[in-house]
Amino acid sequence: MEATFLAEMLKSAGFGATRGAFGGGAGEDQFSSMLVREQALQITRAGGIGLTEILMQGLVADQDG
């Protein structure tokens with residue numbers, strides 16, 4: 001889930017945006033999205049941004065309360 005969130009954040013920040021360097025088109029768009037997804041996965045594997053831990057703490061607090 002954190003990787004999906006990060007992928008959307010990276011896309012919003014302009015990562016993976018088609019620049020036309022390779023001719024553009026549907027193929028470049030597809031591979032750009034794959035690159036952004038892999039970058040997000042690598043960030044998550046390296047420790048992420050802590051989103052998962054925050055969500056888990058919130059869920060536990062809701063159950064306790």
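**Briefing: confidence, core, salt bridges and surface patch**

In this predicted model, the element with the lowest mean pLDDT is helix H2, residues 25-45, at 86, whereas helix H1, residues 2-12, has the highest, at 90. Over the whole protein the mean pLDDT is 84, with 88% of the residues reaching 70 or more. Where pLDDT is low, the predicted coordinates should not be read in detail. The points below take the nonpolar core, the salt bridges and the surface patch in turn.

**Nonpolar core**

- The largest nonpolar core is made up of five residues, namely Leu6, Ala7, Leu10, Val36 and Ala40, and the elements that contribute two or more residues to this core are H1 and H2.
- Helix H1 supplies the largest share of this core, with three residues.
- Once neighbours within four places in sequence are set aside, Ala7 is in contact with Val36, Arg37 and Ala40, and of these contact partners Val36 and Ala40 are listed, like Ala7 itself, among the core residues.
- As general background, nonpolar side chains in soluble globular proteins tend to be buried together.

**Salt bridges**

- A search of the whole structure finds two salt bridges; in general, side chains of opposite charge can pair when their charged atoms come close.
- One of them joins Glu8 to Lys11, with the closest N and O atoms 3.0 Å apart, and because these two residues are three apart in helix H1, about one helical turn separates Glu8 from Lys11.
- Glu8 counts as partly exposed, because its relative accessible area is 42%, and Lys11 is likewise classed as partly exposed, with a relative accessibility of 42%.
- In the other salt bridge, the side chain of Arg45 meets that of Glu38, with an N to O distance of 3.5 Å.
- Arg45 is exposed, since its relative accessible area is 58% and the cut-off for this class is over 50%, whereas Glu38, at 36% relative accessibility, counts as partly exposed.

**Nonpolar surface patch**

- On the surface, a nonpolar patch is formed by Phe5, Met9, Ile43 and Ile49, which together have about 350 Å² of accessible area.
- Ile49, one of the residues of this patch, is located in the loop between H2 and helix H3, the latter spanning 51-64.

Notes: Residues are numbered from 1 along each chain as its sequence is written. This is a predicted model: local features need pLDDT of at least 70, side-chain atom pairs count only at pLDDT 80 or more; totals for chains, interfaces and linings use all residues. Side-chain values use heavy atoms; hydrogens and water are left out. pLDDT is the predictor's confidence in each residue, from 0 to 100. Helices (H or I, at least four residues) and strands (E, at least two) are DSSP runs, numbered from the N terminus. Patches are made of residues with over 30% relative accessible area and no salt bridge: like charges are joined within 9 Å, nonpolar side chains (Val, Leu, Ile, Met, Phe, Trp, Tyr) within 5 Å. Accessible areas come from the Shrake-Rupley method with a 1.4 Å probe; for residues, only the protein chains shown count as cover. A salt bridge is a side-chain nitrogen of Lys or Arg within 4 Å of a carboxyl oxygen of Asp or Glu. Buried means under 20% relative accessible area, exposed over 50%, partly exposed in between (1.4 Å probe, protein chains only). A nonpolar core is a set of buried Ala, Val, Leu, Ile, Met, Phe, Trp, Tyr and Cys residues joined through side-chain atoms within 4.5 Å. Contact means heavy atoms within 4.5 Å.
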